[in-house]
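Hello,

Here is the structure I said I would pass on. Please look through it first, then read the notes below.

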Amino acid sequence: MKLVVTIVGKDRVGIIATVSSVLAENNVNILNINQNIMEGFFNMVMIAEMSEDSKLKLGDLQKVLKAKGEEMGLDIKAQHMDIFNVTHNV
C-alpha cells in the first residue's frame, strides 16, 4: 500500500534522518520526497510504500511517527494514499 507521510514544524538537524530511519526499520520504502524550508519552518511530503512484509501495521506506524514527531516538536502524519487523495481533493 502506498502512504503519504507529512512532516511540518520548526527546522532542525536530523528530521529527514529520523523519519527515514523509522521507515527503514519497519521495511517501508520511500518512493519520493518533496521538502522545503521557509523562514525556519520545515515542510516535507514523502510518498512511501508499505509492503505486506512490513514489520508494523499502518496504525502502529502512525503511532510511532507521531511519538517521534512529539519528541522533535514536529507534526508527523502517515496516511494511506487513497485517504489522503480523498481528503485533499477540491
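**Salt bridges and core**

E71 and K68 sit three residues apart in helix α2, about one turn of the helix. Helices (H or I, at least four residues) and strands (E, at least two) are DSSP runs, numbered from the N terminus.

This is a predicted model, in which local features need pLDDT of at least 70 and side-chain atom pairs count only at pLDDT 80 or more, while totals for chains, interfaces and linings use all residues. Residues are numbered from 1 along each chain as its sequence is written, and side-chain values use heavy atoms, with hydrogens and water left out.

The side chains of E71 and K68 form a salt bridge (4.0 Å, N to O); the term means a side-chain nitrogen of Lys or Arg within 4 Å of a carboxyl oxygen of Asp or Glu. E71 is exposed, at 60% relative accessible area, and K68 is partly exposed, at 29%. Here buried means under 20%, exposed over 50%, and partly exposed in between (1.4 Å probe, protein chains only). D75 and K77 also meet in a salt bridge, at 3.7 Å, N to O. The count comes to two salt bridges.

The largest nonpolar core has 20 residues, and V5, I7, V19, L61 and L65 have the most contacts inside it. Such a core is a set of buried Ala, Val, Leu, Ile, Met, Phe, Trp, Tyr and Cys residues joined through side-chain atoms within 4.5 Å. β3 (41-50) is one of the elements that supply at least two residues, and β3 gives the most, with five.

Regards
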